[in-house]
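Subject: Structure handover

Hi,

Here is the model I promised to pass on. Have a look at it first, then read my notes below.

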Amino acid sequence: MMKLGRYFITSMVCGIFLVACSAQRDNQIRKLRFDDNWCFHYGDMPVSVVFHSDTVQWKAVDIPHDWSIEMPFVKSEGGIAVGQTQGGTGWYRKIFKISETEPSERKLLYFEGVYMESEIWLNGKKVFYHPYGYTSFYCDITELCNPSGQENVLAVKVKNEGENSRWYSGSGIYRHVWLVTTGRLHLHEWGVFVTTEIFSGNRAKVNVAVDVSNQSDKNTDAVLHVTIRNDKGEVVGEDTSTCTLNEDRTETVYHSILVDKPQLWSMDTPVLYTADIKLLSDGIYKDVLSIPFGIRSISFSAKEGFLLNGVPVKLKGGCVHHDNGLLGAVAIDRAEERKVELLKANGFNAVRCAHNPPSEKFLDACDRLGLLVIDEAFDQWQKPKNKNDYHRFFNEWSEIDLASMILRDRNHPSVIMWSIGNEIQERSDSVGVEIAQKLKSIVKKYDATRPVTAAINDYWDNPTLKWEASFNAFAPLDVCGYNYMWWEYENDSKSYPERIIYGSETTAMERAVNWDLVEKYPNIIGDFIWTAIDYLGESGIGHAINVNKGSKNPPQFLDWPWFNAWCGDIDICGYRKPQTALRDILWGNKKIAMLVHLPIPEGQEERVSYWGWPDEESSWNWEGNEGKEMNVKVYSRYSSVRLYLNDMLLGEKSIVGEGLDKYSAQFKVKYIPGILKAVGVDAGVEREECILITSGIPVEIDVKADRSILQDTKNDLSYVRIELVDKEGNIVSDQDCKVELSISGKGRILSAGNACPTDMESFRSLSPMTYKGRALAILQPKGGKGCMRLTVKTEKYGKKTITINVE
Ligand code: GAL
């Protein structure tokens, strides 16, 4: 490979800092991480002060950064919707120098996500404005960048003001920033589109469309060389083309490359190929890109449902918001990857990104680990859901934002559908239908290979309309998302036999009826629970609380001290919640599972919200309730189940055959500590069993890291589970205690806490409580190889130290 020249970036902020690198013109050098050496000031100030005053108190921060999660939880303007966190306005600043022996002619900043209304300023002048908080954007700084060797002052104003979100958004530059440099003749990462066709006879055709831009003032001849590499790095196909580019023009150059015996991408075999694209002119490399992709086919029809590589797949889906629990919105690579690992480990094969495009790393992880994705653009169009939300920008910006999502994400094999909106108010009127058609045509302009979908809800937001009006909302869509409307699936399938349906949002308690319909009909292709993982904000939407008998129902959302939604299958620390018991049965992960309802105090009754789950636990620890009757629920697809307590048969019951309680049987059992055992019975023969054991008293804390070796980068994290255990090592879920955390060596505690939806202690506290016997600490390398040592101390249960190496 030829060298384009040595290239140096010097960066200085909050003191003196220098980064220098030199390399050939490859992906690493055309795109440099720009996350380090930023500082931050909370509050607005005049631009002149940002650029010229030494009196401003700047605080050094790492990007990705979310100021809302750093501040204490208080009763805030956003309130329940944003989990009692604070927004406001903030300024970021970074001082850097660019010096090059051969100057690069084009310089861009690439922001993956800034929440929201960001203004980019360079050397005192405004360069860019980007209102949407969830789409990525490039900002060309070529003209305003000072010549090599001179200092540049970059400032970013971020405004998260007023009621602009229905969930926790976070505030600030919460995803990565990059510096991209190219020559006047160049490629564009979003200008490459790789599509694949699979032929019988074990062959595939890989089509690579490449946009080449000539921003110079003369016509130029260019050569494009495209190489396809497999997952071992071996070249499996290539193609070369030539083109003449007129001055100031962008042309698309098409390549088709045959690949023999392709390894198809699927959830079980998430094999990735890479397209290396090299641009040359006059025999010199001008630009290089490497784009990962998968070879796979998708098809959707009412007759056959969803086919991946010709094989029917039912979508075992979950919706997720973008936050990372205790980290807030901060999109650290490992946190994004872990979310995907958790989903996979819990049986999901698909995720719906509610209600906005996720981070790039999230999609990378879905590609690599094999998780299908519905990528979603908007939660509102022209009509508001909150007075300060995106509707203010929709007319001017929606085309740009939708294009940003498609162009950025269309090479990800995991993405199978584009969603243009969630529960859009104007979905069924003529304006809404026209908008949907326009959005669809924008999607198809950039990617005609994937269907367009949206999540359509009942008309609780416009009671003058009946469900029949949904015909208009569904008409522009290729695949129809139903939010909480399973009872219309069969009718609608009869009325519109071509309709492809999935549950874009469903609840945990209605899961059995939903999944039955998915299993029964080919045109009903999947089910996405609201939500797969708990999220911050929409406080208490998934509550189950006790109230005095006869009292009014609590409101849908719960006020202070609730701060998290609590409707997820997995809690914000990554632990499975009891509601997963039924899903395990439905999806065949387990044959039998069992939960026990918490005793309800005398004079009270339980109220479970529509998104909630009764207050059940997978536990037989009920100290203080000896002799009291407990409600035990066994979940199974066996026709009946037997229940034993300490080896004594308590009875056999048939599994309920229909309705919301389908696949369960209920028992009343007087509590005696010991072993509760449920056994599935098939034709009178006992098959599989499930047991709950009363744990002993807590004797110590157990501390387990998901990673004991970390890379020396702030993008790697170790999630350390802290659990109260008995002498056998069983978690004691009915006891809690405070844990004192301290760390030494090459790491820091980035965050710590528990999954309790009402424990509002800051996630930066170094002495969190356990909740149901468990807490979590998230550790981050702070620079340099070596090791870090986390010590966890308790008053009653001793202390433990764990060592994590940084390599
Ligand atoms: C739905 C909405 C979701 C979430 C959910 C639970 O109607 O689409 O974003 O708000 O309700 O509150």
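Some ground rules before the rest. This is a predicted model, so local features need pLDDT of at least 70 and side-chain atom pairs count only at pLDDT 80 or more, while totals for chains, interfaces and linings use all residues. Residues are numbered from 1 along each chain as its sequence is written, and side-chain values use heavy atoms, with hydrogens and water left out.

Asp287 and Arg30 form a salt bridge, with 2.7 Å between the closest N and O atoms; the term stands for a side-chain nitrogen of Lys or Arg within 4 Å of a carboxyl oxygen of Asp or Glu. The two partners come from distant parts of the chain, 257 residues apart: Asp287 sits in strand β18 (residues 284-293) and Arg30 in helix α1 (residues 27-30). Helices (H or I, at least four residues) and strands (E, at least two) are DSSP runs, numbered from the N terminus.

The structure has 57 salt bridges, and a few others are worth a look. Lys590 and Asp584 pair at 3.7 Å, N to O. Here Lys590 counts as partly exposed because its relative accessibility is 42%, whereas Asp584, at 3%, is buried. Lys677 and Glu689 also meet in a salt bridge, at 3.9 Å. This pair links strand β38 (residues 675-682), which holds Lys677, to strand β39, which holds Glu689, with the two residues 12 apart. Glu689 is partly exposed, at 48% relative accessibility. There is also a network, in which salt bridges with shared partners join Arg334, Glu337, Glu341, Arg368, Asp706, Arg707 and Asp716.

Now the ligand. Which residues are around the ligand? They are Arg166, His355, Asn422, Glu423, Asn483, Tyr484, Glu505, Trp530, Glu538, Ile541 and Trp611, where a residue counts if one of its heavy atoms lies within 4 Å. By class, the shell has 4 nonpolar, 3 polar and 4 charged residues (Ala, Val, Leu, Ile, Met, Phe, Trp, Tyr, Cys and Pro count as nonpolar, Asp, Glu, Lys and Arg as charged, and the others, Gly among them, as polar).

Oxygen atoms of the ligand lie 3.0 Å from a side-chain N or O atom of Asn422 and 2.7 Å from one of Glu423. A polar side-chain atom of Glu505 is 2.8 Å from a ligand oxygen. On its own the ligand has 310 Å² of accessible area, and the protein covers 95% of that (Shrake-Rupley method, 1.4 Å probe).

The peptide bond from Tyr115 to Met116 is cis, with omega near -10°, and Met116 is in the loop between β6 (106-111) and β7 (118-122). Glu117, in the loop between β6 and β7, has a positive phi of about 45° although it is not a glycine. Glu117 is buried, at 10% relative accessible area.

The loop between β30 (544-548) and α11 (580-586) holds Pro561, and a cis peptide bond joins Trp560 to Pro561, with omega about 10°. Trp566 lies in the loop between β30 and α11; its phi is positive, near 65°. Trp566 counts as buried because its relative accessibility is 15%.

Cheers

Definitions and conventions:
A polar contact is a pair of N or O atoms within 3.5 Å; within protein, one must be able to donate a hydrogen and the other to accept it, and residues adjacent in sequence count only if both atoms are side-chain atoms. Buried means under 20% relative accessible area, exposed over 50%, partly exposed in between (1.4 Å probe, protein chains only).
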